[in-house]
Amino acid sequence: MTKAKSQGKKPSVAIVGPGRLGLALAISLRASGYPILAFVSRHTDHARKAARLLNESERLVRPLALAEIAQLPSTDLVLITTPDDAIEETARRLAELAPHKRKGKTRRGTVLHTSGALSSAVLAPLAEAGFHAGSIHPLISVSEPRAGAKALRGAFYCLEGEPSATRIARQIVSDLRGKSFSIQPEKKALYHAAAVMASPHLVALFDLAIEMLAACGLSKKKAKETPLPLLETTLNNLKVTDTRRALTGTFARGDVATVKRHLSALSTREFADALEVYKLLGLRSIQLASRNGIDEKLLKQIRRVLESANISKK
């Protein structure tokens with residue numbers, strides 16, 4: 001399935017799971033000189049569609065269904081970019097391609113998965129079959145392959161696994177002009193939870209804001225567009241200062257009366273979710289405000305108000 005890398009050449013790559021991230025990596029890696037030899041998907045049609053996207057150049061990419069994985073061409077590197085729940089099965093099926101175990105002997109090649117939550121331990125069947133196993137997780141949000149390919153350049157990447165595997169991963173990061181860091185395998189889930197807080201949960205929070213603005217009478221389109229400059233300026237603040245100084249608004253001022261008005265507006269069953277989120281994040285904002293030197297008496301008042309807020313029975 002894999003072979004030793006030719007001296008001086010970029011590793012050849014097969015991608016298992018050509019979804020948004022898999023395609024984004026394929027586009028970026030090909031632009032950096034990595035030959036993309038194959039896409040493997042659960043269904044051939046999906047693999048063919050991915051291959052067509054990449055076949056705009058002279059390089060051909062072989063599309064394979066997961067059931068055809070035995071036909072995977074020899075490559076230096078296999079990237080598993082499937083959803084987390086499919087990685088273990090994929091590793092097992094790839095390991096079965098090895099005609100015999102080679103533990104303790106010359107390694108076959110490298111396999112990296114892109115999960116943020118799982119360590120390279122999930123690739124144990126491949127490690128036992130003689131492959132270098134590791135993980136490479138780009139800390140970006142990919143909603144579309146071409147935009148994702150651009151975002152991959154200069155991104156931060158979390159690397160983990162065997163030394164030989166992380167060496168290949170660092171080469172990839174370097175070629176994409178990114179920055180890498182490593183964590184202990186047992187910290188992967190905590191690391192990924194932090195990433196979820198910073199991105200998907202931010203989207204969920206923004207969705208709540210849209211819902212609240214729509215209830216004020218704005219159209220759905222206007223409700224989405226209106227807070228975007230506020231979000232952008234907040235992100236800009238975070239780029240140039242720490243979180244406590246980036247905190248602005250009601251909690252940064254210790255404005256008790258305004259917090260009460262907010263809670264009153266959210267105390268209907270329609271906004272039950274928003275009320276709970278507001279309370280939890282408000283308690284965190286109090287901690288930041290305290291570090292900014294806001295009067296502790298005001299912050300204690302706000303804490304009491306937040307903790308006592310409930311859905312109105314009216």
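Trainee: Where does serine 119 lie?
Mentor: Serine 119 is in the loop between strand 5 and helix 4 (124-128). Helices (H or I, at least four residues) and strands (E, at least two) are DSSP runs, numbered from the N terminus. Keep in mind that this is a predicted model, where local features need pLDDT of at least 70, side-chain atom pairs count only at pLDDT 80 or more, and totals for chains, interfaces and linings use all residues. Residues are numbered from 1 along each chain as its sequence is written, and side-chain values use heavy atoms, with hydrogens and water left out.

Trainee: Is serine 119 buried or exposed?
Mentor: Serine 119 counts as buried because its relative accessibility is 16%. Buried means under 20% relative accessible area, exposed over 50%, and partly exposed in between (1.4 Å probe, protein chains only).

Trainee: And what is serine 119 in contact with?
Mentor: Setting aside neighbours within four places in sequence, serine 119 is in contact with His113, Glu160, Pro185 and Lys188. Contact means heavy atoms within 4.5 Å.

Trainee: Back to strand 5, then. Which strand does strand 5 pair with?
Mentor: Strand 5 (residues 110-113) pairs with strand 4 in the parallel sense, over four bridges. Two strands pair if DSSP finds at least two bridges between them. Threonine 110 in strand 5 is the bridge partner of leucine 77. Strand 4 also pairs with strand 1 (residues 13-16), again parallel and over four bridges, and there isoleucine 15 stands opposite leucine 79.

Trainee: Which way do the residues of strand 4 point?
Mentor: In strand 4 (residues 77-80), Leu77 and Leu79 point one way, Val78 and Ile80 the other, and all are buried. In a regular strand the side chains alternate between the two faces of the sheet.

Trainee: New topic: helix 1. How many of its residues are buried?
Mentor: Nine of the 12 residues in helix 1 are buried, among them Leu21, Leu25 and Ile27. Just after helix 1, glycine 33 has a positive phi of about 95 degrees.

Trainee: How many disulfides are there?
Mentor: Zero in the whole structure, where a disulfide is a pair of cysteine sulfur atoms within 2.5 Å. Cysteine 158 is buried, at a relative accessible area of 0%, while cysteine 216 is exposed, at 62%.

Trainee: And the overall picture? How many helices and strands?
Mentor: The protein has 15 helices and eight strands. Of its 314 residues, 41% are buried. The C-alpha trace spans about 70 × 40 × 35 Å along its principal axes.
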